[in-house]
Amino acid sequence: MRKFLIAGNWKMFHTPKEAAEYGRKLAHKNPDQYDIDVLLCPPALSLPALRETLRHTKVAVGGQNIHQEPKGAFTGEMSAEMYKDAGASYVLVGHSERRQYFGETDELVRSKTIRALEAGLTPLVCIGETLDERKNNQTSNVILTQLNGAFKHFSKSDMSKIVIAYEPVWAIGTGKTATPEQAQELHLLIRRTIELEFDAALANDMRILYGGSVKVENARDLLSRPDIDGALIGGASLKVDDFHKIIEIAHQL
Ligand code: PGA
């Protein structure tokens, strides 16, 4: 049985002080009472403060991006090892904003995924099509290309440590959500592809999250689909009450 993972991606929001306040509020709601996994990916500078306030809970913290090298003269960058040392257990890789604004390619996503695994972080690898690609019926092709690019020559053992997030780019931060049917269809395609490339057991155990304007109002519908194993939530994760409500919904399902 796959356990739900409800993950928040704060993007460039919440200072260390705000993160600590959020963490205290979330800890107060006793998130460990829910039988699901919970993750928050704050900005790097806010991660230690958030982690500190959540240290008595099972809520995990993660990075939003890492450099593909373990260390070096890369001014302004942060390594997987640094995140690990700061208490992170996950890291987002290949988020569409990284692909769009920072030119991240499938090849770079692959290198960063390998780096994360080597550092003992769980990579949460994001894939998804743009609006133009969907309109031109390219969705499946794009997803297959991104999957093949990111996980080329990966071993089954490496694959078993990865979480995938399907995030249609047109649904991110736009208020437009994929319908539960659209999302389910793509999740199934992803799972079938993993099955073909690796094996059925691995595909069956793989957690595939949906992301793109997930909020309290649509979470139940999306999360009740058989191949949707959680959510990667941007905007709605910024408010602790909303994030907590989505956690409750996942726990009830
Ligand atoms: P959103 O962001 O929930 O604000 O659409 C999702 C994401 O970027 O992961």
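The model is predicted: local features need pLDDT of at least 70, side-chain atom pairs count only at pLDDT 80 or more, and totals for chains, interfaces and linings use all residues. Residues are numbered from 1 along each chain as its sequence is written, and side-chain values use heavy atoms, without hydrogens and water.

The protein chain contains 12 helices and eight strands (DSSP runs: H or I of at least four residues for helices, E of at least two for strands).

| Property of the protein chain | Value |
|---|---|
| Span of the C-alpha trace along principal axes | about 45 × 45 × 35 Å |
| Distance between the centres of positive and negative side chains | 3 Å |

Of the 253 residues, 52% count as buried, meaning under 20% relative accessible area with a 1.4 Å probe, protein chains only.

In soluble globular proteins, nonpolar side chains tend to be buried together. The largest nonpolar core has 64 residues, and Ile-6 and Ile-164 have the most contacts inside it. Such a core is a set of buried Ala, Val, Leu, Ile, Met, Phe, Trp, Tyr and Cys residues joined through side-chain atoms within 4.5 Å. Helix α12 (residues 240–252) gives the largest share of this core, six residues.

Not counting residues up to four places away in sequence, Ile-164 touches residues including Phe-151, Ile-190 and Met-206 (contact: heavy atoms within 4.5 Å).

Methods. Buried < 20%, exposed > 50% of the residue type's maximum accessible area, 1.4 Å probe, protein only. Lys, Arg positive; Asp, Glu negative; His and termini not counted. Charge placed at Lys NZ, Arg CZ, Asp CG, Glu CD.
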